[in-house]
Amino acid sequence: MAQVSPWVDSATFMGLPSLPLPTELLNEGYLPSWTPWFSKSLEIEPGLREKKEETGSLVLQVWAVLKQLQTLGFIISRPDEVNEYLLQFPDLLDIIAEIARKVRRQFPEAQLLLNVYRDPEVEDQFLVVYARFNNYGDFVLKKIKEVRRGFHEILSRRKGRLLLTTDFHLIENNEKESSSPRKGSPRALLLAIKEAPHLNAEDVAELEQAIESEKLKGSGESGPK
Amino acid sequence: MGKKYKNPPIIEAVCEFRLTPDSPWDLTVPGLIYEKIKKEFPHREQRLIQEIELTQGPQGLQQQIRTQEGVLFFTEDRKMFVHIGPHLLAINCLKPYPSWTGFQPKIEKAFQALIETVEEIKGLHRVGLRYINKIEMLSSPIKLEDYFEFYLYLGTRLPQNVANFIVGCDFLYANGRDQCRVQLKPTASLSSERPSFFLDIDYFTAKPNELKVTEAINWVKEAHNVVEEIFEGCINDRLRALFQEVREDGAS
């Protein structure tokens, strides 16, 4: 009978409420590629309790969350930046994977990109998830707003910030190109919003407001500098 | 005295003290500790921490999630923080590592604040000193044995194309009271242009209650010596050259 390896990765066990449980991952077909211990044939000695008995590391928790997001299909083109942001604002760690899973569930067809949004003019930064689609109808923005509203309250109690939006680019197959810095820049994003088809003035205003709102939070006491 | 490097690979150092569950603890403890260390760690934040526990029961694999509220006290630059949870105090230090002479006083200060606050600590359930190193190679593919003295060995009859791996070992110290867990694993795909690895060294007390509270700080110093020795034992001169050793005379 196989035992759970003592080398079990922090990604799957360490203190993160939002990480899907191993069996849940299996059911969803998201078996982390490098943690073969959770195979469906896994057997554990009766009564064996696999409990966290290691010195807690923030770096490994962040790494685990990033792996989790990649498993959910999020494209993180500049993981070092996202990693750095989460190290600075670890209060996002217990919710970000849960948010990511909700976003993925709501937008199964979307290409999802996670970046750090930087505004050099005010030295502000926050995490941004861009949902990209092949077809932007009216429903897309409504749904993005709805999903965003769903985690607004929990995010409002955190120092770290995360915005769900779209940059109105079509889904691209080349992951590197699809997340190039040029397209992710604040100026490019605002331009994309203004030029996007199917957007009325109200939608444009609301998207701009969402971004401005994150920037304003950043200029306050609680925001990153 | 360990070697010094111009580009040390340390991305996190953690020193963690867990008290035995019978030690007194209440909700006022974090605030009282904060009062004693707020000069060094002025920024206070709450954080929810959950632990997943797996148990094999009659119904199969069962998962339990326990939520604990933690408090983090950050330094001004947010590169170091004290984490307080129920019966737990940890001091985490992120990159850039300020050297042991910069980290050790913070550990002592925080631990001193703990023992002044919780006057009747019954015992130490576990103490750990952990260093996470991220070692980034300059090119790909690499042979681990060209850089490490602690690596995955594959016999000639086994496939040599490895997608992923993890190498680990628990070394025994102090007649089995302490252990040092060493793990080497890739941070991402081995096929990436510049592969990188976590070299994770966690020295900890393996038996609850065997280390006295009064011995804890000395234990941490000895643990640090072991971690340094293990680190040097895991790498070879090619990696040392990559980290750019700074010699006593100042040359690198």
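Good morning. Please keep in mind throughout that the model is predicted.

I begin with chain A. Four strands of chain A form an open sheet in the order β2-β3-β4-β5, and the pairing is mixed. At the edges are β2, residues 74-75, and β5, residues 162-165, each of which pairs on one side only. Inside the sheet, strand β3 (residues 111-119) and strand β4 (residues 124-132) of chain A run antiparallel and are joined by nine bridges. To take one example, A:Arg118 has A:Gln125 in β4(A) as its bridge partner.

Two helices accompany this sheet. Helix α4 of chain A, residues 79-88, packs on the sheet and touches β3 and β4 of chain A. The direction of α4 makes about 65 degrees with that of β3(A). Helix α6 of chain A, residues 138-150, lies across β4 and β5 of chain A and runs at about 160 degrees to β5(A).

Is A:Thr165 buried or exposed? Its relative accessible area is 1%, and A:Thr165 is therefore buried, the cut-off being under 20%. Which residues does A:Thr165 touch, leaving aside those up to four places away in sequence? They are A:Val128, A:Val129, A:Tyr130, A:Ala131, A:Ile144, A:Arg148 and A:Leu207.

I move on to chain B. This chain has four helices and 11 strands. Of its 252 residues, 50% count as buried. Among contacts in chain B with a separation of 6 or more, 67% come from residues 24 or more positions apart.

The helix pair I wish to show consists of α1 (residues 29-37) and α2 (residues 100-117) of chain B, whose axes come within 9 Å and cross at roughly 130 degrees.

On the α1(B) side, the contact is made by B:Val29, B:Leu32, B:Ile33, B:Lys36 and B:Ile37. On the α2(B) side, B:Lys109, B:Ala110, B:Ala113, B:Leu114, B:Glu116 and B:Thr117 take part. Sorted by class, this contact has seven nonpolar, one polar and three charged residues.

Thank you for your attention.

Methods:
Residues numbered from 1 in each chain as written. Chains lettered and ligands numbered in written order. Predicted model: local features only at pLDDT ≥ 70, side-chain atom pairs only at ≥ 80, totals over all residues. Heavy atoms only, no water. Pairing = 2+ DSSP bridges. Contact = heavy atoms within 4.5 Å. Axes fitted to C-alpha atoms, helices over the stretch in contact; angles between N-to-C directions. Buried < 20%, exposed > 50% of the residue type's maximum accessible area, 1.4 Å probe, protein only. Nonpolar A, V, L, I, M, F, W, Y, C, P; charged D, E, K, R; others polar.
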